[in-house]
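Dear colleague,

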Amino acid sequence: MPTRPSLPPARTPFAFVQCVLTAYERRHQAADAALEKAQIAPDARGRWPARVSSLQFERLCAAAMQELDDEALGWFERPLPWGSYGMLARASISAPTLRVALRRWCRHHGLLTRDVLPALDEADGTACITVHEHRDLGPLREFALLSLMRNVHGLSCWWVDSRIPLQAAEFPVPKPAHADVYDTLFPGPVRFGAPLARLRFDAAYLDLPLHRDETALAQMLRRALPIMVLPYRRDRLLALRVGQQLQLRPDLGTEALAATLSLSARTLQRQLADEGTSLQALKNEARRDRAIALLQRTQRPIKQIAEATGFRNEKSFMRAFKDWTGLTPGECRLGGSPRTP
């Protein structure tokens, strides 16, 4: 007997579906066709499901945005015609860095509507994307702010082809019954009852170059909603973070190092492989850099430098140093220029 294909898990709360239905009600239009496309229907007793799958919700939103000709789904006083958010992405795709792309995106969003004004700020190594509200968004407020913040975060990750961990995701709404959804959509600490909607992350990500072009953008826009939900595994700053930790504590083992980065050891190794490097390679780089610094800035004996960089004896250190730099430790101390990757 053939087995039935398993359905995707139903994780999207019906409260979000109700927000889409509210947009239809405000336009005095029926949502029947969109609900049918999404295969969302009440049961025999007329009860709606408590949750729907992400695919069902994606289909519902796609149909609603086109039928209502409003990609904001009723959030703002003036509809955002179909293609508005694609236009914002196109206006930023030529930016040299994420910083420039986000500043463009925020500025151009203000040309579409003044009801909310997103802004990018930096302070003390932290980047903040904040949404300033200039109009009461009413019952659609939570869904509007959640969608807007997930939109800009998902697009940012897609632009630089990197996971961007959040230091905090803050929302000016009471904690909802479906708060667990936020843990999936916003990887990092989530805070409710905040003064403003805001995402915080390491400002170093703003320096990353964009890894997408017009062709990739055209392909993404054919089905853009998944990037707002799917998390990225690759983190293009991970190798840098690992290197920084090893500079401070070169003796860190794999488990301890992974713990300092809030990752499992297996995830750490997999993500480094995605970036084309390995933990051992980064450890070698950290040992090489420390050895060069000690050789050029101190008069410590070679044997002590070997011990300080984790080698059991002077001979193995000298052999490894030659492989890393093309120089002997003595040549490096006398002012030679070490070869670095």
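Helix α1 (residues 14-26) and helix α3 (residues 54-67) have axes that come within 11 Å and cross at roughly 15°. Here helices are DSSP runs of H or I with at least four residues, strands are runs of E with at least two, and both are numbered from the N terminus. Axes are lines fitted to C-alpha atoms, for helices over the stretch in contact, and angles run from 0 to 180 degrees between N-to-C directions. The pair α1 and α3 is therefore roughly parallel (angles under 35 degrees count as roughly parallel, over 145 as roughly antiparallel, 65 to 115 as roughly perpendicular and the rest as oblique). On the α1 side the contact (heavy atoms within 4.5 Å) is made by Phe16, Val17, Val20 and Tyr24, and on the α3 side by Phe57, Leu60, Cys61, Ala63, Ala64 and Glu67. By class, this contact has 9 nonpolar, no polar and 1 charged residues; Ala, Val, Leu, Ile, Met, Phe, Trp, Tyr, Cys and Pro count as nonpolar, Asp, Glu, Lys and Arg as charged, and the others, Gly among them, as polar.

The model is predicted: local features need pLDDT of at least 70 and side-chain atom pairs count only at pLDDT 80 or more, while totals for chains, interfaces and linings use all residues. Residues are numbered from 1 along each chain as its sequence is written, and side-chain values use heavy atoms, with hydrogens and water left out.

Asn284, Arg287, Arg288, Ala291, Ile292 and Leu295 of α12 meet Phe317, Phe321, Trp324 and Thr325 of α14. These residues divide into 6 nonpolar, 2 polar and 2 charged.

With a disulfide taken as a pair of cysteine sulfur atoms within 2.5 Å, the count is 0. Cys19 is in no disulfide, the nearest cysteine sulfur being that of Cys61, 9.8 Å away; that distance is too far for a bond. Cys19 is buried at 11% relative accessibility, and Cys61 is buried at 5% (buried means under 20% relative accessible area, exposed over 50%, partly exposed in between, with a 1.4 Å probe and protein chains only).

Finally, Pro172 lies in the loop between β5 (168-171) and α7 (180-185) and is buried, at 11% relative accessibility. Leaving aside neighbours within four places in sequence, Pro172 has contacts that include Glu133, Arg141, Leu145 and Pro195.

With kind regards
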